[in-house]
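Please describe this structure as a short report, with the side-chain pairings, the strand pairing and the overall build taken in turn.

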Amino acid sequence: MLQINHLYKNYGKFQAVNNLTLHIPQGDLFGFVGPNGAGKTTTIRMVCGLMQPSAGSIVINGVDVMTHQREIKKQIGYVPDFFGVYDNLKVKEYMDFYGSMYRMGSREIERIADDLLELVNLSDKKEVFVDTLSRGMKQRLCVARALIHNPALLILDEPNSGLDPRARVEMKELLLNLKSMGKTIVISSHILSELSEMCNSIGIMDHGNLVTAGRIEDIMEGVFGSNQMVITLDEGRDVAVRIANEHAKVKVDSVGEHEIRLSHTMTRQEIAKLVGTMIENDVVVTGFHKQEENLETLFMRVTGNDDAQKGGK
């Protein structure tokens with residue numbers, strides 16, 4: 001569906017995007033993860049043909065973005081991170097206006113607009129002026145507008161920015177609904193918890209570099225391994241760390257004031273024996289459990305910012 005090869009964007013000596021290569025298959029709900037300034041928006045603008053890359057290629061559905069810009073606009077629906085104010089347009093007129101830009105007939109626009117407004121739960125707002133809508137409604141309307149020409153790829157840049165909790169839930173439900181319909185979707189965000197609830201694949205960017213990309217479960221297992229454990233304690237932390245480090249099947253990932261995080265390949269019996277050894281050596285163990293990692297800890301790990309990478313400090 002979307003193939004990016006060796007993509008660069010330079011501003012003088014500053015490299016906003018550095019040698020990015022990425023493939024997003026048909027039907028994926030893909031999340032671009034990274035802090036502000038990581039290069040996500042720059043990449044998206046190049047994919048949409050709004051910005052020329054310094055080098056590299058972008059192909060969508062077999063169409064080259066750089067050499068077929070008119071054709072590529074039919075392939076993409078773009079929802080930017082801001083929404084313009086339309087003082088004198090009603091919701092229905094707004095959809096008519098954008099449909100006409102794709103040279104659609106009035107009857108076709110009306111039929112498709114009605115379906116899309118129902119999809120985004122705005123059917124009762126057709127005669128309402130756009131600038132009176134809430135921000136969440138405007139964002140959903142922007143999604144409907146981006147879908148009016150039935151694009152192969154829907155791209156959303158920070159779609160939940162500035163939304164209240166209810167509006168964020170509504171946006172998530174809308175995107176999951178679109179995914180279930182087979183639409184290929186790319187979302188950029190720095191709110192990692194929200195992406196983890198929607199996306200089946202991600203790409204993590206940091207300082208213009210694509211650090212890792214792929215299915216979330218595959219990346220998690222590759223980075224953390226299949227077994228993670230947290231041991232909580234009140235006293236004897238240093239002794240517990242020494243005992244864990246001496247075990248052939250254990251790797252200490254991070255050390256906190258009252259907890260130790262481990263990667264391991266132990267059986268249940270071996271886990272019990274390890275904890276028992278700690279207790280026998282006067283470590284006050286208050287509990288232990290399997291650790292379920294999330295996108296936040298994944299991002300911190302692969303970008304080199306977590307406690308494990310800093311020696312536990």
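## Salt bridges

In this predicted model, aspartate 253 and lysine 251 meet through their side chains in a salt bridge at 3.0 Å, N to O, the term being used for a side-chain nitrogen of Lys or Arg within 4 Å of a carboxyl oxygen of Asp or Glu. Aspartate 253 is buried at a relative accessible area of 6%, whereas lysine 251 is partly exposed at 48%; here buried means under 20% relative accessible area, exposed over 50%, and partly exposed in between, with a 1.4 Å probe and protein chains only. Residues are numbered from 1 along each chain as its sequence is written, and side-chain values use heavy atoms, with hydrogens and water left out. Because the model is predicted, local features need pLDDT of at least 70 and side-chain atom pairs count only at pLDDT 80 or more, while totals for chains, interfaces and linings use all residues.

A search of the whole structure finds twelve salt bridges, and one of them joins the side chains of lysine 90 and glutamate 127 at 3.6 Å, N to O. This pair links distant parts of the chain, 37 residues apart, with lysine 90 in the loop between strand E6 (76–79) and helix H3 (91–101) and glutamate 127 in the loop between helix H4 (106–119) and helix H5 (135–147). Helices (H or I, at least four residues) and strands (E, at least two) are DSSP runs numbered from the N terminus. Lysine 90 is partly exposed, with a relative accessible area of 24%. Glutamate 246 and arginine 242 also meet in a salt bridge, at 3.4 Å, N to O, and they are separated by about one helical turn because they lie four residues apart in helix H9 (residues 237–246). Glutamate 246 counts as exposed at 57% relative accessibility, while arginine 242 is partly exposed at 40%.

## Strand pairing

Strand E11 (residues 228–235) runs antiparallel to strand E13 (residues 259–264), to which five bridges join it, and threonine 232 has glutamate 259 as its bridge partner in E13. E11 also pairs in the antiparallel sense with strand E14 (residues 284–290), over six bridges, and the partner of isoleucine 231 in E14 is phenylalanine 288. Two strands are taken to pair if DSSP finds at least two bridges between them.

## Cysteines

The structure holds zero disulfides, a disulfide being a pair of cysteine sulfur atoms within 2.5 Å. The sulfur of cysteine 48 is too far for a bond, because the closest cysteine sulfur, in cysteine 142, is 12 Å away. For cysteine 199 the closest cysteine sulfur is that of cysteine 48, at 16 Å, which is again too far for a bond. Cysteine 48 counts as buried at 6% relative accessibility, and cysteine 199 is buried at 7%.

## Surface and overall build

Phe97, Met101 and Tyr102 make a nonpolar surface patch of about 300 Å². Patches are made of residues with over 30% relative accessible area and no salt bridge, like charges being joined within 9 Å and nonpolar side chains (Val, Leu, Ile, Met, Phe, Trp, Tyr) within 5 Å. Tyrosine 102 is found in the loop between H3 and H4 and is partly exposed, with a relative accessible area of 33%.

The chain has eleven helices and 14 strands, and its C-alpha atoms fill a box of roughly 80 × 45 × 30 Å along the principal axes. Buried residues make up 46% of the 313 residues. The chain exposes about 15600 Å², of which carbon and sulfur atoms supply 48%, with accessible areas taken from the Shrake-Rupley method with a 1.4 Å probe and, for residues, only the protein chains shown counting as cover.
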